[in-house]
Amino acid sequence: MMTGSAVTTPLDLDLLRELGDLKRIRSAQASGSIAERLFLQAWAALQNGLPATEVCFAIVRAALSATRLGDIDAGLLTRLGLSGWEAAEILRRALDEAGSDLDAGLRAALVSAVSLPDTTSPTLSFALRLTRQPRAGVTCPGKPRVMLEPPENHAEHCLVVAVYGVVLAARYGAKPETVFLASLAHHLHNAEIPDSGFAGEVLLGGHLDSLFDMATRNALAELPPVLAAHVEAARKILPDAETPEGQAFHAADTLDRVLEIEQHLRAGRTTMHQVLHEMRLVHEGAVKSFQDALLTEAGLQS
């Protein structure tokens, strides 16, 4: 368990952006985004009795590795002929590269984390419903909704907030496993209540709290009693930012909400020059000179 005083470090927004993009990385071998599947894997592990601390660091390690390798994992590498040691070395290098600037205590916890069982199929209906529940987009009372397509779902949002929360925990001196569990469970009500955003919440008025509380209790009732108690205890950090854990959660939640919008805007500002020259879409290789000549002739590159 990592606890202690806050560590003042600059926000690594580039890393947070990469982790947020796990909502958009998919592969032919599985359904849903990496973030969605990590959300289901986390709940499956918790449901099966694994401690929150163990689940927390295993999921964050997998998320960091996935920013470099996507859906390439140890199981795939060994099925295709690599030894267990070779697969582990590739994953270690991915973690080292993605997490090079993380707090030293967190890096040590991630390196020693054990892998979770390879399953994303919990019997928790609320978890599955959150994968199907889209986020509302940008809403404000009295204004038309700003729709963002494709929308993220609530499972993806909760997973990314949970990972952000662990990454930011040292900054606030927070217990990462508490922030992780609270973040994973902070939208339980949306398993039953469709997301209508800020505008809808204002219209619900004085009924808002009772509706959200009832829907949350319905979701908690699906959990084993011990796990339900742990989740309820963790969720006590959600109402305010008066505790280190509350600060880490609200920092993670706020940054994910804003960076999710930013990635839509960033894509619209990307230029062909950036794609071809900075990102090297047509990169070095045996036919690079032919490709460059073709693009220049077509007026797609200068």
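Tutor: A term first: helices are DSSP runs of H or I with at least four residues, strands are runs of E with at least two, and both are numbered from the N terminus. By that naming, P150 sits in the loop between β2 (143-146) and α8. The model is predicted.

Student: What makes the peptide bond from E149 to P150 stand out?

Tutor: The bond is cis, with omega near -10°.

Student: Why does A251 count as buried?

Tutor: Buried means under 20% relative accessible area. A251 has 13%, so it counts as buried. This residue lies in helix α13 (residues 244-269).

Student: Which residues is A251 in contact with, leaving aside neighbours within four places in sequence?

Tutor: They are L168 and Y172. L168 is 83 residues from A251 along the chain, with 7.9 Å between the two C-alpha atoms.

Student: Why is T216 called buried?

Tutor: The cut-off is under 20%, and T216 has a relative accessible area of 6%, so the word applies. T216 is part of helix α11 (residues 208-220). Apart from neighbours within four places in sequence, its contacts are L188, H189 and R235.

Student: How many aromatic pairs does a search of the whole structure find?

Tutor: The search finds 2.

Student: Why are F39 and W43 separated by about one helical turn?

Tutor: F39 and W43 are 4 residues apart in helix α2 (residues 34-47), which gives about one turn. An α-helix has 3.6 residues a turn, so residues three or four places apart point the same way. With 0% relative accessibility, F39 counts as buried. W43, at 0%, counts as buried too. W43 also pairs with F126, edge-to-face, at 5.1 Å centre to centre and 90° between the planes.

Student: What makes the W43 and F126 pair a link between distant parts of the chain?

Tutor: W43 is in helix α2 and F126 is in helix α7 (residues 125-132), 83 residues apart. Both W43 and F126 are buried. Ring pairs join F39, W43 and F126 into a cluster.

Student: What span is expected for helix α3 (residues 52-69), and what does it reach?

Tutor: The expected span is 1.5 Å times one less than the number of residues. With 18 residues, α3 is expected to span 26 Å, and it reaches 25 Å from first C-alpha to last, which is close. Its buried residues include F57, R61 and T67. Among the elements covering them are α1 (13-20), α2 and α8 (154-172). After α3 comes G70, with a positive phi near 60°.

Student: What makes the phi of R280 worth a remark?

Tutor: R280 has a positive phi of about 50° although it is not a glycine. R280 sits in the loop between α14 and α15.

Student: Which residues form the nonpolar patch on the surface?

Tutor: V287, F290 and L294 form it, with about 310 Å² of accessible area together. A patch residue needs over 30% relative accessible area. V287 has 48% and therefore counts as partly exposed. V287 is in the loop between α14 (272-278) and α15 (288-297).

Note on methods: Residues are numbered from 1 along each chain as its sequence is written. This is a predicted model: local features need pLDDT of at least 70, side-chain atom pairs count only at pLDDT 80 or more; totals for chains, interfaces and linings use all residues. Side-chain values use heavy atoms; hydrogens and water are left out. Patches are made of residues with over 30% relative accessible area and no salt bridge: like charges are joined within 9 Å, nonpolar side chains (Val, Leu, Ile, Met, Phe, Trp, Tyr) within 5 Å. Accessible areas come from the Shrake-Rupley method with a 1.4 Å probe; for residues, only the protein chains shown count as cover. A salt bridge is a side-chain nitrogen of Lys or Arg within 4 Å of a carboxyl oxygen of Asp or Glu. Buried means under 20% relative accessible area, exposed over 50%, partly exposed in between (1.4 Å probe, protein chains only). Contact means heavy atoms within 4.5 Å. Rings of Phe, Tyr and Trp (its six-membered ring) pair if their centres lie within 6.5 Å; planes under 30 degrees apart count as stacked, over 60 as edge-to-face and the rest as tilted.
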